[in-house]
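This briefing concerns the structure shown below.

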Amino acid sequence: MSALYPHFCRKMQELAPAGRWFVAFSGGLDSTVLLALCARLAAEQGRALTALHVHHGLQAAADAWPAHCAAVASALGVPCRTLSVQVALGPRISLEAAAREARYRALAAELAPGDALLTGHHKDDQAETLLLALKRGAGVAGLAAMPASRPLGAGVQLRPLLDCARSQLEAHAREAGLSWVEDPSNADNRFDRNFLRNEILPRLQAHWPSFMDTLSRSAELCAEQLALACELAEQDLPGLLTAGGGLSVAGLARLSPARRGNALRHWLQGRGIHCSRAQLTALWRELAQARPDATPRLQLGSKEIRRYQGALYLPEPGPAPIPLPALQAGTWLDCGAGRIRLEWVETGAELAAGLDPARLQLAFAVPGLRARPQGRAGSRPLKKLWQEYAIPPWQRERIPLLLDGDRLVAAAGLFICQEYASPPDRPGWRLQWQPRDGEAR
């Protein structure tokens, strides 16, 4: 009998998914074997298991696959659902990439916290992924290829067959009498992955029989190096972050070029930006090293990176600020950029007791204002105060300004004006400000 099932059980024990199990079920060999293995283990453990078939609508042959998948899943005692997706093509996006993006978006939407999506990727797939990464000139992150586990939506994606060869899966399927569909597009060598699978890898493996194992080991070593690079970045970044959430240029300059690039790449990836080496070099030369009095910016995809007062920032768009013509004491009021409340307190007040909340209004980006923050010797134009408080220009128009007529009472989250400030330990008003995530505090 095939040794695949005991191996699968060991891998699932290592990966330890806690919630429901879902299998991405295309109906092909790999996912059919995976579903059969999962069905057996789920029955033994009393686990909830569902097969998910994604219908892309890209070829006529695929129209019959949902019915095939439903029949195979039913024979295994597993419920099966079909998810229909629209594949959106764009400039410089291949059909393979667009279909993959649509597929994973639909599958991720099915996962609740703790759920696991199992996919049938195997050692041959890993070899193809590594070679494609080499073709692109990828770094260690690309050469790490596919991990056995990764976050996906609210859950995780697991690849329990990643260290098994496709030949092992096919032998198991034939021994178990499983039936599967063959995707006609797999024979089309215009697709890079098919070209590798059909033309290149068989010749390499014929010449070097252990070639797949060697590539798999290289991917594992690259994954280890990637983990070390991430750990190093997580050690470096706390010391580089400024109070305003920027990344210190001077701090970055003190690092070696390799370590600096690693920290920058990790910071960007944490904000959803994956950039090339050329883009990272342009960021450092054109943005970080621009002349001190410049306000440079660099567009990376849909995101814009900016520099202000010696730090790099990645402004996040947020809801438009909403002026409020009146405030109601004791009530949280939504002003788009956050919410604000005036609360009466017996001690620890910030605003003087004599202030009438009914006279107050909330505004944004009011030109010509001057202010004397509490404890300061004199008033200054608000524009100068923004510079002193190191408020980047793109955040200034989103800071709530509490006004009494045409006089500034407070800049929420920053300062109270001296003439409206409460004496120490007296009753009065407390100004509470809760910004939206990513807004200035």
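The points that follow are grouped by topic. The model is predicted. The whole structure holds 5 aromatic pairs, and the count of disulfides is 0.

**Aromatic pairs**

- A search of the whole structure gives 5 aromatic pairs, one of them formed by tyrosine 308 and tryptophan 394, edge-to-face at 6.5 Å centre to centre with 80° between the planes.
- Because tyrosine 308 belongs to strand 9 (residues 303-308) and tryptophan 394 to helix 14 (residues 393-396), this pair ties together parts that are 86 residues apart in sequence.
- Tyrosine 308 counts as buried at 10% relative accessibility, and tryptophan 394 counts as buried at 13%.
- Tryptophan 344 and tryptophan 429 have ring centres 5.1 Å apart and planes at 80°, so this pair is edge-to-face.
- Tryptophan 344 is located in strand 12 (residues 338-345) and tryptophan 429 in strand 20 (residues 428-435), so the pair links parts that are 85 residues apart in sequence.
- With 40% relative accessibility, tryptophan 344 is classed as partly exposed, whereas tryptophan 429, at 11%, is classed as buried.
- One aromatic cluster is made up of Tyr308, Tyr313 and Trp394.

**Cysteines**

- The number of disulfides comes to 0.
- Cysteine 38 takes part in no disulfide: the nearest cysteine sulfur belongs to cysteine 9 and is 9.6 Å away, while a disulfide requires sulfur atoms within 2.5 Å.
- Cysteine 38 has a relative accessible area of 0% and is therefore buried.
- Cysteine 164 is likewise in no disulfide, and its nearest cysteine sulfur, that of cysteine 9, is 12 Å away.
- At 1% relative accessibility, cysteine 164 counts as buried.

**Leucine 107**

- Leucine 107 is part of helix 4 (residues 95-108) and is buried, since its relative accessible area is 2%.
- Beyond its neighbours within four places in sequence, leucine 107 is in contact with Ala24, Leu52, Val54, Leu83 and Leu117.
- The C-alpha atoms of leucine 107 and valine 23 are 9.6 Å apart in space, with the two residues 84 residues apart in sequence.

**Surface patch**

- Leu58, Leu89 and Leu95 make up a nonpolar patch on the surface, and together they have about 280 Å² of accessible area.
- Leucine 58 is in the loop between strand 2 (49-55) and helix 3 (65-75).
- Leucine 58 counts as partly exposed because its relative accessibility is 46%.

Terms used. Residues numbered from 1 in each chain as written. Predicted model: local features only at pLDDT ≥ 70, side-chain atom pairs only at ≥ 80, totals over all residues. Heavy atoms only, no water. Patch = residues over 30% accessible without salt bridge, like charges linked within 9 Å, V, L, I, M, F, W, Y side chains within 5 Å. Areas by Shrake-Rupley, 256 points an atom, 1.4 Å probe, with all protein chains shown as cover. Salt bridge = Lys/Arg side-chain N within 4 Å of Asp/Glu carboxyl O. Helix = DSSP H or I, 4+ residues; strand = E, 2+ residues; numbered from the N terminus. Buried < 20%, exposed > 50% of the residue type's maximum accessible area, 1.4 Å probe, protein only. Contact = heavy atoms within 4.5 Å. Phe/Tyr/Trp six-rings, centres within 6.5 Å; stacked < 30°, edge-to-face > 60°.
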